[in-house]
Amino acid sequence: MGKTPKLFNKQKEKIPEIVKKIIVESDIILEVLDARFPKETQNKEIESYIKNQGKKIIYILNKSDFLVDLFKSDLSPSVYVSSKERKGGRRLREMIKIEAKKIEKDRIIIGVIGYPNTGKSSLINLLIGKSSARFSAEAGFTKGVQKLRLSKKIYLLDSPGIIPNEEYSIEKSDKKHVEIGVKTYDKIKDPEMAVVDLMKKYSKIIEEFYNIVANGNPEILLEEIGKQKRFLRKGGEIDIDKTARLVLKDWQKGNIKIR
């Protein structure tokens, strides 16, 4: 049996303890989901722990600017938010205040949890109205827990991104993590295969975005995009790696809209 990767140990042993501490200390939990993939970015493992602690969950459907049309979520209570376009913050603040009034405490703690790269820190910035939380487009940027003031009696606890333990097998979860942006386009070992996986589900919208007719064939798609962008190696051969990473970048940055 091979050695257990260090990253797996970090995720398996350390991160959940941080998140559990946040949940125990918090009165209300904001679970930040990617609005394009709400079910895929739910952490059922953590949700179960939250409910066992008797804590309230508010679902935040972030990055809603990436959608062509908002679809109705069956998650409740939930709020659509675009940190990029600064939308939904007022409604969320009002919801937090309503829930806070139900809690008879001098200080209310709001815990913020979610997968890496769902936009937890940018959401906190939206709520507070200034860049109080460190944030970056790269997944997993936030390293520790930050406590930030939302109002005189309400505080927010930011947390590192958390992946369910059951998903920490690379072989099992690579496809999902590429799709939802946990593993970013510049870190993927086999970008061509990742594009193949995306084409199985989203070939029509990807072809429409690049204005290419590939009939679901990722090889044709990458060849044609490479020609368009002139991503060429010596000898005129298409640079498939560079082309595939462009497709993944457009996907993960939300340039390719999901209907």
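Glu99 is buried in this predicted model, with a relative accessible area of 12%, because residues under 20% are counted as buried. The side chain of Glu99 forms a salt bridge with Lys56, and the closest N and O atoms of the two are 3.9 Å apart. Glu99 belongs to helix H3 (residues 89–101) and Lys56 to strand S2, so the pair links distant parts of the chain, 43 residues apart.

The structure holds 12 salt bridges. Another of them joins the side chains of Asp74 and Lys39, at 3.2 Å from N to O. Asp74 sits in the loop between strand S2 (56–62) and strand S3 (78–80), and Lys39 in the loop between strand S1 (28–34) and helix H2 (44–52), so this contact ties together parts that are 35 residues apart in sequence. Asp74 is exposed, with a relative accessible area of 62%, while Lys39 counts as partly exposed at 47%. A further salt bridge is formed by Glu85 and Lys87, whose closest N and O atoms are 3.2 Å apart. Glu85 is partly exposed, at 41% relative accessibility.

The chain as a whole gives the setting for these contacts. Its secondary structure comes to 8 helices and 6 strands. Along the sequence, these elements follow the pattern α-β-α-β-β-α-β-α-β-β-α-α-α-α. Of the 259 residues in the protein chain, 51% are buried.

The largest nonpolar core has 30 residues, and the members that touch the most others are Val195, Ile206, Tyr210, Leu221 and Trp251. Two or more residues of this core come from each of H6, helix H7 (218–229) and helix H8 (240–252). H6 gives the largest share, 8 residues.

Helix H6 (residues 191–210) also contains Glu192. At 38% relative accessibility, Glu192 counts as partly exposed. Together with Asp190, Glu219, Glu223 and Glu237, Glu192 forms a negative surface patch.

How values were computed
Residues are numbered from 1 along each chain as its sequence is written. This is a predicted model: local features need pLDDT of at least 70, side-chain atom pairs count only at pLDDT 80 or more; totals for chains, interfaces and linings use all residues. Side-chain values use heavy atoms; hydrogens and water are left out. Patches are made of residues with over 30% relative accessible area and no salt bridge: like charges are joined within 9 Å, nonpolar side chains (Val, Leu, Ile, Met, Phe, Trp, Tyr) within 5 Å. Accessible areas come from the Shrake-Rupley method with a 1.4 Å probe; for residues, only the protein chains shown count as cover. A salt bridge is a side-chain nitrogen of Lys or Arg within 4 Å of a carboxyl oxygen of Asp or Glu. Lys and Arg count as positive and Asp and Glu as negative; His and the chain ends are not counted. The place of a charge is taken as NZ of Lys, CZ of Arg, CG of Asp or CD of Glu. Helices (H or I, at least four residues) and strands (E, at least two) are DSSP runs, numbered from the N terminus. Buried means under 20% relative accessible area, exposed over 50%, partly exposed in between (1.4 Å probe, protein chains only). A nonpolar core is a set of buried Ala, Val, Leu, Ile, Met, Phe, Trp, Tyr and Cys residues joined through side-chain atoms within 4.5 Å.
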